[in-house]
Amino acid sequence: MTESYEVLVIGGGAAGLSGALMLARARRSVLVVDGGEPRNAPADGVHALLGHDGVPPAELLARGRDEVRRYGGHLTEGRVETVDRDGAGFAVVLADGRRERAGHVLVATGLVDELPEVPGLRERWGRDVVHCPYCHGWEVRERPIGVLGTGPMSVHQTLLFRQWSDDVVYLRHTAPPLTEEQAEQLAARGVPVVEGEVAAVETDGDRLTGVRLRDGRTVDREVLTVAPRMVARTGFLAGLGLHPQPHPSGMGEYLPAGEAGRTHVPGVWLAGNVTDLSAQVGAAAAAGAWTAAMINADLVQEETRRAVEARRGAREGG
């Protein structure tokens with residue numbers, strides 16, 4: 001059977017649940033479809049989120065789901081396969097064959113972190129292999145940090161992490177050669193540069209101890225930072241003509257959106273990392289709430305337009 005909702009939210013992370021909460025409180029019929037693969041699952045805690053600093057990611061999402069249900073919102077586990085136009089609304093097909101229908105769709109599926117193909121790197125991801133200084137900097141402060149160069153943002157990442165530790169090494173790996181300006185900046189901040197491609201992450205028991213280069217050299221480190229290639233999860237929108245585009249920063253692929261998350265497809269909205277690759281949990285949640293408010297405003301405007309037409313019709317008919 002096909003259910004029909006005013007808004008279907010795809011993605012049950014911070015952006016999606018925040019949007020669903022706003023819509024449910026606005027007395028809208030809303031369904032959240034979530035695939036159960038949150039990007040921050042490997043992390044011990046969510047940080048820099050006012051009032052919730054250090055809360056485990058799974059606990060934060062569980063609280064959010066309870067809050068959405070409290071106001072009458074619906075949630076279901078599943079993976080969306082396709083979204084297609086269906087009259088004035090949208091037909092949504094899930095991987096298990098279920099079908100849903102909605103007047104508006106809020107896409108908050110986030111992104112996938114594509115890590116460099118370095119043996120041992122992914123196994124430490126979210127623990128002592130990190131990427132965001134504002135998410136993890138405090139936890140790795142004053143420790144020996146190595147920054148794995150992978151792209152155009154790696155030097156910027158190095159300079160940021162230098163704020164949290166005096167012992168930072170830039171491992172150029174596969175990143176572009178340094179410009180004169182970049183070399184001067186790193187030297188001025190006391191950051192040594194190690195040339196050569198990293199072959200593997202070195203560990204001892206359950207802790208990272210450094211990296212091994214292809215020429216056999218080793219560099220002792222306790223923490224590695226890496227800028228992953230971030231790719232928005234949006235394949236199910238292809239039928240609507242919405243395709244990810246290269247991000248201007250070179251960090252990956254995203255779906256551009258206009259004011260308050262509007263896309264060029266009327267009725268399809270975006271919030272969170274799917275359109276803002278650098279948004280932390282707090283920013284993603286705020287974007288979800290703001291976009292949901294704009295969706296509700298559009299619905300109110302449409303309802304008002306129909307009410308005015310019906311009132312005029314009744315007058316003319318009388």
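The following conversation concerns a predicted model and asks what stands behind some of the terms used for it.

Visitor: What makes S13 and S14 a pair?

Guide: Pairing requires at least two bridges between two strands, and three bridges join strand S13 (residues 207-213) to S14, the two running antiparallel. Within this part of the model, Arg212 stands opposite Thr218 in S14.

Visitor: Which residues of H2 are buried, and why are they said to line one face of the helix?

Guide: Buried means under 20% relative accessible area, and in H2 this holds for Pro57, Leu60, Leu61, Gly64 and Val68. Seen down the axis of H2, these buried residues fall within an arc of 95°, so they line one face of the helix. On the other side of H2, Ala58 and Arg70 are exposed, a term that calls for over 50%. Among the elements covering the buried residues of H2 are helix H1 (14-25), strand S3 (74-77) and helix H6 (281-317).

Visitor: How do you know that the span of H2 is close to the expected one?

Guide: Helix H2 (residues 57-70) has 14 residues and reaches 20 Å from its first C-alpha to its last, which is close to the 20 Å expected at 1.5 Å a residue.

Note on methods
Residues are numbered from 1 along each chain as its sequence is written. This is a predicted model: local features need pLDDT of at least 70, side-chain atom pairs count only at pLDDT 80 or more; totals for chains, interfaces and linings use all residues. Side-chain values use heavy atoms; hydrogens and water are left out. Helices (H or I, at least four residues) and strands (E, at least two) are DSSP runs, numbered from the N terminus. The expected span of a helix is 1.5 Å times one less than its number of residues. Buried means under 20% relative accessible area, exposed over 50%, partly exposed in between (1.4 Å probe, protein chains only). The arc is that of the directions from the helix axis to the C-beta atoms. Contact means heavy atoms within 4.5 Å.
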